[in-house]
Amino acid sequence: MYRALLLALTLPVTTLSAQAPAPVRTVTITADDAMKFNLTEISAKAGERLRVRLLAVGTAPKSAMAHNFVLLQTGSNQIVFAEAAAKAVATDYIPSALKSSIVASTILIANGESAEIVFTVPATAGNYPFLCSFPGHFAAGARGKLIVK
Ligand SMILES: [Cu+2]
């Protein structure tokens with residue numbers, strides 16, 4: 001009886017420790033009024049937990065300047081995505097028809113704001129393109145690649 005009670009008390013603790021979340025690595029990216037990110041390459045391990053923290057560090061107002069971070073599946077066409085995104089004003093420049101090509105994305109932020117996303121890096125090695133989908137920013141150079149090894 002006593003042993004059964006002890007077992008019942010011990011069991012949930014064991015279960016909890018088995019479910020401890022994997023550690024998360026943080027990468028901070030800034031976007032500025034020159035419509036560029038400070039990083040154009042991020043290296044990651046397949047399957048690792050990654051937090052991307054985006055900071056908008058310029059001074060222009062949100063109507064003229066806002067940023068997001070959108071990571072696409074490997075092999076995605078960034079130009080096609082950016083063109084569709086520019087028309088998706090109602091959904092903060094995330095084109096609903098191309099949502100399946102997104103691995104992870106932040107919300108759209110104004111200067112002085114920040115946003116972050118935590119996601120699992122894809123298990124398949126390769127280059128995964130990322131961009132800011134606010135109109136014109138991809139063309140201006142707000143883009144890069146996540147290199148998964
Ligand atoms: Cu931007």
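Student: At what angle does helix α2 (residues 78–87) run to β9?
Tutor: The model is predicted: local features need pLDDT of at least 70 and side-chain atom pairs 80 or more, while totals for chains, interfaces and linings use all residues. Residues are numbered from 1 along each chain as its sequence is written. Helix α2 lies across β5, β9 (126–131) and β10 (143–148), helices being DSSP runs of H or I of at least four residues and strands runs of E of at least two, numbered from the N terminus. Between N-to-C directions of axes fitted to C-alpha atoms, for helices over the stretch in contact, on a scale from 0 to 180 degrees, the angle of α2 to β9 is about 25 degrees.

Student: Within what arc do the buried residues of α2 fall?
Tutor: Phe-81, Ala-82 and Ala-85 are buried (20 or more other C-beta atoms within 10 Å of their own; exposed means 12 or fewer, partly exposed in between; C-beta atoms are placed from the backbone). They line one face of α2, because seen down the axis, by directions to the C-beta atoms, they fall within an arc of 95 degrees.

Student: Which exposed residues does the opposite face of α2 carry?
Tutor: The buried side is covered by elements including β5, β9 and α3 (137–140), with contact meaning C-beta atoms, placed from the backbone, within 7 Å. The face turned away from that side carries Ile-79, Val-80 and Lys-87.

Student: Which residue of β6 is the bridge partner of Leu-71?
Tutor: β5 (residues 70–72) and β6 pair in the antiparallel sense over three bridges; pairing takes at least two DSSP bridges. In β6, the partner of Leu-71 is Ala-104.

Key
Two residues are in contact if their C-beta atoms, placed from the backbone, lie within 7 Å.
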